[in-house]
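Visitor: I have a few questions about this one before I set anything up. Can we go through it piece by piece?

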Number of protein chains: 2
Amino acid sequence: MNVSVDREGRALLVVAHGSRRGASNDEVRRLTDALRSRATAFEWVECAFLELAEPSIPGGLESLVERGAREIVVLPYFLSAGRHVVEDIPGEIADVATRHPAVRIRQAAYLGDSAGIVSLMLEQAGSPADA
Amino acid sequence: MNVSVDREGRALLVVAHGSRRGASNDEVRRLTDALRSRATAFEWVECAFLELAEPSIPGGLESLVERGAREIVVLPYFLSAGRHVVEDIPGEIADVATRHPAVRIRQAAYLGDSAGIVSLMLEQAGSPADA
């Protein structure tokens, strides 16, 4: 099936916590690269960090706006709905959204909220495939 | 296909960071319940927390040993290979393992290391299913 997707002007920003450990941040960057090669619905796929690494969330969002993004999906790379997901990320998004009212910025559900997370855990545990 | 799995004496311990926010810890507990109903390869499926919530990792492991576990898989519910995954969790496991040499305790790869994580991110981003 050949699905035509209008990805023009659409961007995905993966937001991770950020770590003092450079390898952890690089892991997020590599994952973002892998995502970019598969995320056919987005013209741009980038990552940003809440703290301890660059770019920041405002920095990542502003960069996408400068490149022409009109719609940005922010995907929290977090496993639980802690303060970062519930307060900090929405707060950072709101600040940028105020400066760019013509750009639609939407926060997706955090990764741990995914319906597929239990299957992933089963796989990692070396359990037989879910019957 | 009817697959007979020898799950006797096998336990899965999901290890999360733990949060001051009770709802985050409850989220891990609910996920563990969901996992329990599907993890056919394990007689027991429980969770434990590195800090800020109960049971602790040693507490969770000891409880499984008391209940008869001979083999325990510890699954780090973490997205990156930070200090917690690389040092803290192995350290806690090693302490308990020393006290119970007959019990085999193995740390599985952390959740973020899963091959399926990119597909999960695509789903959460509202991207069309991976072609």
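Visitor: What does B:Glu46 count as at 23% relative accessibility?
Guide: B:Glu46 counts as partly exposed. Buried means under 20% relative accessible area, exposed over 50%, and partly exposed in between, with a 1.4 Å probe and protein chains only. This is a predicted model, where local features need pLDDT of at least 70, side-chain atom pairs count only at pLDDT 80 or more, and totals for chains, interfaces and linings use all residues. Side-chain values use heavy atoms, with hydrogens and water left out.

Visitor: Which residue forms a salt bridge with B:Glu46?
Guide: B:Arg67 does, and the closest N and O atoms are 3.2 Å apart. A salt bridge here is a side-chain nitrogen of Lys or Arg within 4 Å of a carboxyl oxygen of Asp or Glu. B:Arg67 is itself partly exposed, at 40% relative accessibility.

Visitor: Where do B:Arg67 and B:Glu46 lie?
Guide: B:Arg67 lies in the loop between α2 (57-66) and β3 (71-76) of chain B, and B:Glu46 in strand β2 (residues 44-49), so the pair ties together parts 21 residues apart in sequence. Helices (H or I, at least four residues) and strands (E, at least two) are DSSP runs, numbered from the N terminus.

Visitor: What area is buried between chain A and chain B?
Guide: About 3,800 Å², with carbon and sulfur atoms giving 64%. Buried area is the accessible area (1.4 Å probe) that two parts lose on being put together, summed over both. In chain A, A:Arg38, A:Met121 and A:Gln124 lose the most area to chain B, together 20% of what that side buries.

Visitor: Switching to α4(B): why is it largely enclosed by the rest of the structure?
Guide: Six of the eight residues of helix α4 (residues 117-124) of chain B are buried, so it is largely enclosed. The buried residues of α4(B) pack against β1, α1, β3 and α4 of chain A, where contact means heavy atoms within 4.5 Å. Just after α4(B), B:Gly126 takes a positive phi of about 75°.

Visitor: Last topic: which residues touch the most other members of the largest nonpolar core?
Guide: A:Tyr77 and B:Tyr77, in a core of 50 residues. A nonpolar core is a set of buried Ala, Val, Leu, Ile, Met, Phe, Trp, Tyr and Cys residues joined through side-chain atoms within 4.5 Å. Not counting residues up to four places away in sequence, the contacts of B:Tyr77 include A:Leu79, A:Ile117, A:Met121, B:Val14 and B:Leu111.

Note on methods
Residues numbered from 1 in each chain as written. Chains lettered and ligands numbered in written order.
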